Structures are given as structure tokens and as C-alpha cells.
There are 2 protein chains.
Amino acid sequence: MKSNQAENNLPEPTKAELEILQVLWEFGPSTVRFVNDKLNELREVNYTSTLKQMQILAEKGILKRDESQMKHIYIPVEAEEKTKDQLLNRFVNTLYKGSASKLMMQLLGNEKTSKKEIEEIKRLLDSME
Amino acid sequence: MKSNQAENNLPEPTKAELEILQVLWEFGPSTVRFVNDKLNELREVNYTSTLKQMQILAEKGILKRDESQMKHIYIPVEAEEKTKDQLLNRFVNTLYKGSASKLMMQLLGNEKTSKKEIEEIKRLLDSME
DNA sequence: TGTATCGTACGAAATTTGTCGTACCTTTAA
DNA sequence: TTAAAGGTACGACAAATTTCGTACGATACA
């Protein structure tokens, strides 16, 4: 049985794990209680479920934690940018054989991408050089 | 227990399902045997595993099949573009709160995105209006 | 016509992912 | 000094996904 981590060393965050990461990215290092409360604004989750997920994330090395207090504080090991980069790479590789411009075309042809967004992108590119 | 298909009506293709779709997109309508051979160029999979997956895909309505011959021919129901669009939307929504331009920035800042790709993208945008 | 080959059907095991119950420790405050 | 509140640890269960074994029908051809 082969691993499917062809080009990445980091284990891939699962969907539930991503949810947690997003809270930490948005609000910074947090306790399980805080994260769980945030998640429960969207859907019902048991406190211990969130706890378990965060412990798993810590085991995997995706989060680290400060145990100096009883209320452990969890912190993403990698910066938001870096993790998203990896996910994006994986996505481009999987669906577009690694071609960023192909993805772009898809994005631009996508009706859900607004004119405003497209303008924004153009401005971005012009200001790059 | 809630479904997680917030904004999509189509069931989300899983990882193994995507592999199969990619073969069909690349080579057109195919038999299980053909798809399985292709998959085995990458990793070891049992014929009946692939068969089962493709049957499940057919059940879900992602593939349809021509049963007029003994060797059933499987065909994606939706065009490649459309399916990828949905996946892309989901991806942008999940990671970039729906902002295509944020995704772009990430893509452009990504070292794996070559200068050539960036040029390609610019040309694309210029020719758009 | 029988046997080897190649196909589908399908239940069930294996794996991965997600959820939760329960035990138990620490802090707080009456 | 004890009861309540709130924390972590962790095994077990549940659900979703993936893989496979076995049964059995079609076809080919010696």
C-alpha cells in the first residue's frame, strides 16, 4: 500500500482539520474551547470531538501547543500562506496537470467569478512586472 | 447530522473517483479494463476495485454507461469543464472565502508557478477585455 | 462440449476519517 | 474540604471511502 504524498512531506489536512485551521488562522492561537465555540456557530460539534481533532493535528505536527497552562493553547506550525500554497499546488497538479494558467482560464470563464474580481486580478498583474 | 453539500447539488467526487474521471476525460469513454490498466500505470489496483468504483460513480449519476455490449462503456455525464468548475468553486470558497483574486495572488506568489505561466496568464487577460 | 478467459454483480472486509462517552485531574468558591 | 465547573486523555463507536473475494454469466476456441 503506497502513500499518496507524491510531492509533499506534510500530511494532508482533512476537511474537519481544515475547519479548525481556519479558525486558528483567523483568530490566532486559541484554546479548544474557543475553537469549538466558533465551529458551533456553523454546526453542532461536541467539545471532545474538537479536542480530539486538535490533538490529532498536534500529533501530526500540523499544530503545536503550549501546555504551560491548564488550558492548552494551540498554534499552527506553518503559516497560513505556506499551508494554502501546498493545498493549492496539490489542487493545480491534480486537476490541471500543474498548469496555473489553465486554472486561471477556468477561473475567468467561471460565472461565479465576478467582473469586479477579474478587474482586481488585472490590476494585480499590471502592478507586478 | 448535516450533509456538507452546502452549495452543490452534485455529490462530490472522492479522491479515487477523481482518478477515474481523469482517465475518462483524457481518453474518452472507456471500459473498466482500460481504466484499470491506466490506473495500474501509477499504482497497483485490483480490477474489481476499479469496477466497483465505476459502478458507484454510475449509481451516483456521475458516470453513465452503455450496456449494449458485454464490455460496458463508461462515460462522464457532465463535461470536464463543468465538474472542474464545481471543484474549483468549492476550493475557492473553502480556502479563499470565494475570492478568486486572493487565489490568484497566492498562485502568483507561488514559486512553483513559472514566469512562463505568468506571462501566459497576462496574455490571456489582455486578450479578454 | 468443455474449459479457459474475460466480463459483471455484489457483499463484506479493511482503511480512513469523524464523533462521542467516560474517566479523571485541576481550579474555584461556598 | 467538598462540590461544581471546566479542563485533558483516550478508547471505542460510527460513518464514509476504498479495496477485494467470490459467484456466476458470456465468449472463444481446441
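Modeller: Welcome! The area buried between chain B and chain A is about 3,800 Å², and carbon and sulfur atoms give 60% of that area. Please keep in mind that this is a predicted model.

Colleague: What makes this area count as buried between chain B and chain A?

Modeller: Buried area is the accessible area that two parts lose on being put together, summed over both. The value of about 3,800 Å² for chain B and chain A is therefore a total over both chains.

Colleague: How many residues are in contact across the two chains?

Modeller: On chain B, 42 residues are in contact with 42 residues of chain A.

Colleague: Why is the pair A:Lys97 and B:Glu26 called a salt bridge?

Modeller: The closest N and O atoms of A:Lys97 and B:Glu26 are 3.7 Å apart. The cut-off is 4 Å between a side-chain nitrogen of Lys or Arg and a carboxyl oxygen of Asp or Glu, so this pair qualifies. Between chain B and chain A the count is three salt bridges, and there are also 15 residue pairs in polar contact.

Colleague: Which elements of chain B supply the side that touches chain A?

Modeller: Helices H1 (15-27), H4 (80-96), H5 (100-109) and H6 (115-126) of chain B each give two or more residues. H4(B) has the largest share, with eleven residues. By type, that side of chain B divides into 19 nonpolar, ten polar and 13 charged residues.

Colleague: How do you know that A:Lys15 and B:Glu12 form a salt bridge?

Modeller: Their N to O distance is 3.1 Å. That lies within the 4 Å cut-off, so the pair is a salt bridge. The pair crosses between chains, from helix H1 (residues 15-27) of chain A to the segment before H1 of chain B. Over all chains, the whole structure holds 18 salt bridges.

Colleague: Now to the second largest pocket: what makes B:Tyr47 one of its lining residues?

Modeller: A lining residue has an atom within 4 Å of a pocket point, and B:Tyr47 is listed in the lining, so B:Tyr47 has such an atom. Other lining residues include B:Thr31, B:Arg33, B:Leu51 and B:His72. The volume of this pocket is about 210 Å³.

Colleague: Which helices supply that lining?

Modeller: Helix H2 (32-40) and helix H3 (47-60) of chain B each supply at least two residues. H3(B) gives the most, with three. The lining as a whole divides into five nonpolar, three polar and three charged residues.

Technical notes: Residues numbered from 1 in each chain as written. Chains lettered and ligands numbered in written order. Predicted model: local features only at pLDDT ≥ 70, side-chain atom pairs only at ≥ 80, totals over all residues. Heavy atoms only, no water. 1 Å grid on protein atoms, 1.4 Å probe; cavity = no way out; pocket = protein on both sides within 12 Å on 5 of 7 lines; lining within 4 Å. Points joined across faces, edges and corners; volume = space filled by probe spheres on them. Helix = DSSP H or I, 4+ residues; strand = E, 2+ residues; numbered from the N terminus. Nonpolar A, V, L, I, M, F, W, Y, C, P; charged D, E, K, R; others polar. Contact = heavy atoms within 4.5 Å. Buried area = accessible area lost by both parts, 1.4 Å probe. Polar contact = N/O pair within 3.5 Å; in protein donor to acceptor, adjacent residues only side chain to side chain.
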